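Please open the model in your viewer and keep the selection tool at hand. This tour moves from one stop to the next, telling you what to select and what to look for there.

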Amino acid sequence: MSALNSMVALEKSRAEAGLWMVDAPLPDIGPDDVLIKVNATGICGTDIHIWNWDDWAANTVPVPLITGHEFAGEIVELGRDVTGLRIGQRCSGEGHLVETDSRQSRAGKFHLDPGTRGIGVNVQGAFAQYLAMPAFNVVPLPDDIPDEIGAILDPLGNAVHTALSFDLLGEDVLITGAGPIGIMAAAVARYAGARHVVITDINAKRLALAEHVVPSVVTVDVSCEALEDVSARLGLTQGFDIGLEMSGSQAALDQMIDALVMGGKIAMLGIPPGKSPVDWSRVVFKAITIKGVYGREMFETWYKMIAMLQNGLDVSRVITHRFDVAAFRDGFDAMRSGQSGKVVLSWS
Ligand SMILES: NC(=O)c1ccc[n+]([C@@H]2O[C@H](COP(=O)([O-])OP(=O)(O)OC[C@H]3O[C@@H](n4cnc5c(N)ncnc54)[C@H](O)[C@@H]3O)[C@@H](O)[C@H]2O)c1
Ligand SMILES: [Zn+2]
């Protein structure tokens, strides 16, 4: 391990594909920050973009930078002015750092602050033995939420934010994309009282994982099955009431618009690769509402997801791979295969 005053971290050290395990200085904390000893981290699709060094990453991420934003750990040092937290407190945290002077922040809508910067993307991140973070961003973890779940609260929060965008009670819900976030959204939709929850993908392994995590979900492989046949079988006469777009695929969004009822609603988390050839006239004629979803609401999403986890929401089976950080390459390989659920690295 590292010398005093230094720590092990996974760094984007050079502007090329890969991440490197380095010795980095321990982060300094300001008066309003805390120092967190990281115990577990989740690998996100964003980290894969950074590993691959695609155009988005090359245009966004400064080099060198410690990556990673999904974490759980415990507080080991408090800045001078921090109140309400204590050393030894187990925690996760919101990786979007916000300013307080924008109109949105001053209205209490911190997640809409246009000055948002992401840890592990714009500023030093969580793939490290220690992370400095504003106390404001810290989310204490109750004892009954283990570190590996704490490490995936960020993507669970994306799923919760999206799924709770519209009232799901009694509604028929279509989720496009059975990645880790789509699968967790299916679990949340079930929890929130949806009638039918249907999830689509073009990857059979991912659909099998969706069934493993949420046994009552209906899976549809749209590469070989017609979604209309499934909705007819379920007795949906007009279509789905609510769509949660979680694939980033333009074909999936187009299919979703087609499959919705008149006046249906879409919460859109997936990030399309470019301009979209979606048939927009149908959005108008079907009077569909589309809401773009970014990040998590600070901190209502965190409150709701922790409350649900403490009261029966179970997403633990979405974690398919666990590695010690020394084997981080295996973790990234699993994630890059596109076949995994969440991959968690242990740092303790
Ligand atoms: N808006 C935000 O704040 C935010 C945050 C995190 C992730 N995201 C985005 O949310 C999406 C989901 O994240 P993830 O980590 O679960 O992604 P992922 O890439 O692991 O999963 C996407 C899934 O969509 C599937 N898919 C591809 N084409 C499809 C089609 N035509 N129909 C149905 N499914 C199809 C893929 O096979 C894959 O399993 C991604 O687009 C990601 O970039 C957005
Ligand atoms: Zn993430």
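Begin by selecting Lys-12, whose bridge partner in β4 is Leu-65. Before you go on, note that this is a predicted model, in which local features need pLDDT of at least 70 and side-chain atom pairs count only at pLDDT 80 or more, while totals for chains, interfaces and linings use all residues. Residues are numbered from 1 along each chain as its sequence is written, and chains are lettered from A and ligands numbered from 1 in the order in which they are written.

Select strand β1, residues 6–12, together with β4, and you will find them paired in the antiparallel sense over two bridges. Helices (H or I, at least four residues) and strands (E, at least two) are DSSP runs numbered from the N terminus, and two strands pair if DSSP finds at least two bridges between them.

**Another set of paired strands**

Move on to strand β3, residues 33–43, and strand β5, residues 70–78, which run antiparallel and are joined by eight bridges. Within this pairing, select Val-34 and look across to Leu-78 in β5, which stands opposite. Strand β5 also pairs with strand β6, residues 90–93, in the antiparallel sense over two bridges, and here Glu-74 stands opposite Arg-90 in β6.

**Backbone details in the loops**

Most residues other than glycine have a negative phi, and most peptide bonds are trans. With that in mind, select Trp-53, a residue other than glycine whose phi has a positive value, near 55°; Trp-53 is found in the loop between α1 (45–52) and α2. Next, select Val-63 and Pro-64, where the peptide bond is cis with omega near 0°, and note that Pro-64 is found in the loop between α2 (55–60) and β4. Another cis peptide bond joins Met-298 and Phe-299, with omega about 0°, and Phe-299 is found in the loop between β16 (289–292) and α11.

**Helices that pack together**

Two packed helices are described by the angle between their axes and the distance between the axes. Select helix α5, residues 153–163, and α6: their axes come within 8 Å and cross at roughly 50°, where axes are lines fitted to C-alpha atoms, for helices over the stretch in contact, and angles run from 0 to 180 degrees between N-to-C directions. The two helices α5 and α6 are therefore oblique to each other, given that angles under 35 degrees count as roughly parallel, over 145 as roughly antiparallel, 65 to 115 as roughly perpendicular and the rest as oblique. Their contact includes Pro-155, Leu-156 and Ala-159 of α5 and Ile-181, Met-184 and Val-188 of α6, two residues being in contact if their C-beta atoms, placed from the backbone, lie within 7 Å. By class, this contact of α5 with α6 has 11 nonpolar, two polar and no charged residues; Ala, Val, Leu, Ile, Met, Phe, Trp, Tyr, Cys and Pro count as nonpolar, Asp, Glu, Lys and Arg as charged, and the others, Gly among them, as polar.

**The last stop: ligand 1**

Which residues come nearest to ligand 1? Of the 27 residues around ligand 1, they are Gly-177, Gly-179, Ser-247, Gly-248 and Ser-249, where a residue is near a molecule if its C-beta atom, placed from the backbone, lies within 6 Å of it. The elements that give two or more residues to this shell are α6 (180–191), β12 (197–201) and α9 (250–259), and the largest share, three residues, comes from α6. By class, the residues of the shell around ligand 1 divide into 12 nonpolar, 13 polar and two charged.
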